[in-house]
Amino acid sequence: MDEKDWLLLATLARSKSITRAAESIYISQPAVTKRVKLLENEFQVKILIRSNEGIQLTEAGKYLVQYAEEMIRITEKAKKDVKNIYHKKEPLRIGIPRMFSQMMMPAIMGQFLKAYPNIHAQLRSGFSSEIIQWICSGEEEIAFIRGDYHNSAFFSHPITMDPICVISRDEVEIDELPNLPRVFYRTDLQLSSLLDSWWKKHFYGCIPTAKLEVGDSQACVYTVKQGAGFAILPLYVVNETDRKDLHIQALLNQNGKPIMRKTSLFYPKGHMTDCARCFVDYVKEMFPSPLCSDIYEWREASEHEEKA
């Protein structure tokens, strides 16, 4: 007995007629009669009795009809439950660096959710060193990471490359930095180590004459604008308006090249949810190659704008 037999028996019980049952399930009367005979042979019982008034179910037939109706209910519930499980999507969990969540993520998510309006996303911001731990533990499924992090369990796709810069309200010479007050802000350990390494290579044994510590990069930029000192930070945290009020110099390595810091999309090499795969594909299409912030190109564009 299978699902078609369940439907046949339940229909016969309701219609009390082979003719009407055949019409209801869109098969011929002989096919109905043949199937009933096969069921009677299978169970070695008489299922129904024909009369001038139609058909009557035997006790065995009534039992099989009850069984068939129960199986139909169970099957329909199973189909519904499986469908609900399939369509019940967990939220897309994304880890993002603090400043990236303010500077770039709104535009990325705005465009993505416009293309995929049924996806629900949860964003969690923190330092990149924290975010790496989140995706490794499974707390977040995918993440944007600042800096040079590597993990064999994840693919990485570069999104942006931007220079580390010295910003100040007034023009300063790089060699003068140890004699000037410096504004610090709480940042990722990897970036702090990068800046400390650069400082030690250029000014070994020297520390700024005075320093001021603030909470985050935006407070740092504002404090520098007030003339409290200089700061060293990635260019992308300085918005276009603030750049016009500041003197900005790229930090150079020993080869005279700007020191760049990248942002990458990290996603697992193994299983991903459909939502995560959609997001990864969308971002990779949006950023086929890293978006580079060039301090020199920006400066030339600013000068051209002023002349115009």
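Q: What makes up the secondary structure of the protein, and how are its elements defined?
A: The protein has twelve helices and twelve strands. Helices (H or I, at least four residues) and strands (E, at least two) are DSSP runs, numbered from the N terminus. The model is predicted: local features need pLDDT of at least 70, side-chain atom pairs count only at pLDDT 80 or more, and totals for chains, interfaces and linings use all residues. Residues are numbered from 1 along each chain as its sequence is written, and side-chain values use heavy atoms, with hydrogens and water left out.

Q: Why is Thr-58 called buried?
A: Buried means under 20% relative accessible area, exposed over 50%, and partly exposed in between (1.4 Å probe, protein chains only). Thr-58 has 15% relative accessibility and therefore counts as buried. Thr-58 lies in the loop between strand 2 (54–57) and helix 4 (59–87). Leaving aside residues up to four places away in sequence, Thr-58 touches Lys-46, Ile-47, Leu-48 and Ile-49, where contact means heavy atoms within 4.5 Å. Across the 308 residues of the protein, 41% count as buried.

Q: What makes Leu-38 buried, exposed or partly exposed?
A: The relative accessible area of Leu-38 is 40%, so Leu-38 is partly exposed. Leu-38 belongs to helix 3 (residues 29–43). Leu-38 and Met-1 are 37 residues apart in sequence, and their C-alpha atoms are 9.6 Å apart in space.

Q: How do you know on which side of helix 6 the buried residues lie?
A: In helix 6 (residues 105–115), the residues Met-105, Ile-108, Met-109 and Phe-112 are buried. They cover an arc of only 90° around the axis and therefore lie on the same side of helix 6; the arc is that of the directions from the helix axis to the C-beta atoms. An α-helix has 3.6 residues a turn, so residues three or four places apart point the same way.

Q: Which elements do the buried residues of helix 6 pack against?
A: The buried residues of helix 6 pack against strand 3 (92–97), helix 5 (98–103), strand 4 (121–126), strand 5 (142–146) and helix 11 (274–286).
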